[in-house]
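My entries follow the order in which I went through them.

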Amino acid sequence: MREIIEKWTTANGLKVTAEQYATLEAYKARVLEVNQHMNLTRITETADFAVKHVIDSLTLLPYIGQGASVIDIGTGAGFPGMVLKIMRNDIKLTLLDSLRKRVNFLQETADILNLPDIECTHSRAEDRAKTHGSAYDICTARAVASMDKLAAYALPLVKKGGLFLAMKGNDITEELENAKPTIKKHRGKVESVKSVKIVGVLTHTIVIIRKI
């Protein structure tokens with residue numbers, strides 16, 4: 001897996017330490033081990049895992065400020081949040097999922113990997129917003145719901161001036177257009193829409209929405 005990730009990180013000017021590579025490998029091993037008795041991912045081949053989980057998550061790194069508080073909603077097996085934390089130990093991370101057994105897996109994994117400042121929370125995004133309000137610098141979400149629903153879930157969690165980073169597929173023009181009223185309602189402004197190359201012809205879109 002390291003060779004695949006290293007090729008991408010080198011091409012994108014990202015430095016990864018030997019310790020970080022080792023932690024990513026340990027994380028992958030943990031996910032695949034637990035995946036044998038818990039539905040965490042359909043992606044189990046090494047190359048696909050490296051590309052579609054790890055590199056996919058790494059594309060958010062340029063938008064994560066130093067020491068940022070980050071909440072990853074609908075995190076599942078921990079993507080992109082756990083990968084971001086492995087790369088950026090300075091961030092304060094909350095992993096949010098509505099399935100308790102996944103949350104337990106995430107907490108155990110964070111402990112095994114010795115990753116500090118991670119809160120693994122069994123909750124829905126809308127309930128978290130009620131209890132914690134706009135507490136986070138950044139909210140991330142990957143393949144959770146349509147943009148209008150995602151905006152309604154994520155933006156109430158984000159501080160004024162903070163970012164919501166939505167990871168989507170290639171063509172989201174219509175989906176984003178339909179989401180504009182919800183984005184506006186929750187005081188969001190689409191700052192940019194980035195098409196990001198993963199590997200080969202595989203790309204995805206990052207929608208960057210600023211809370212105003």
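I began with the crossing of α1 and α2, which is right-handed (the near helix is turned clockwise from the far one, by less than a right angle). I noted that this is a predicted model, in which local features need pLDDT of at least 70, side-chain atom pairs count only at pLDDT 80 or more, and totals for chains, interfaces and linings use all residues. Residues are numbered from 1 along each chain as its sequence is written, and side-chain values use heavy atoms, with hydrogens and water left out.

The axes of α1 (residues 2–11) and α2 (residues 18–35) come within 11 Å and cross at roughly 130°, the axes being lines fitted to C-alpha atoms over the stretch in contact, with angles running from 0 to 180 degrees between N-to-C directions. Helices are DSSP runs of H or I with at least four residues, strands runs of E with at least two, numbered from the N terminus.

I then listed the contact (heavy atoms within 4.5 Å): Arg2, Ile5, Glu6 and Thr9 of α1 meet Ala18, Tyr21, Leu24 and Glu25 of α2.

Turning to the strands, I found 7 in an open sheet of mixed pairing, ordered β3-β2-β1-β4-β5-β7-β6; two strands pair if DSSP finds at least two bridges between them. At the edges I found β3 (118–122) and β6 (188–199), each pairing on one side only. Strand β2 (residues 92–97) pairs with β3 in the parallel sense over 5 bridges, and Leu96 stands opposite Thr121 in β3.

Last, I saw helix α3 (residues 46–58) lying across β4 (136–142), β5 (158–168), β6 and β7 (202–211), at about 140° to β6.
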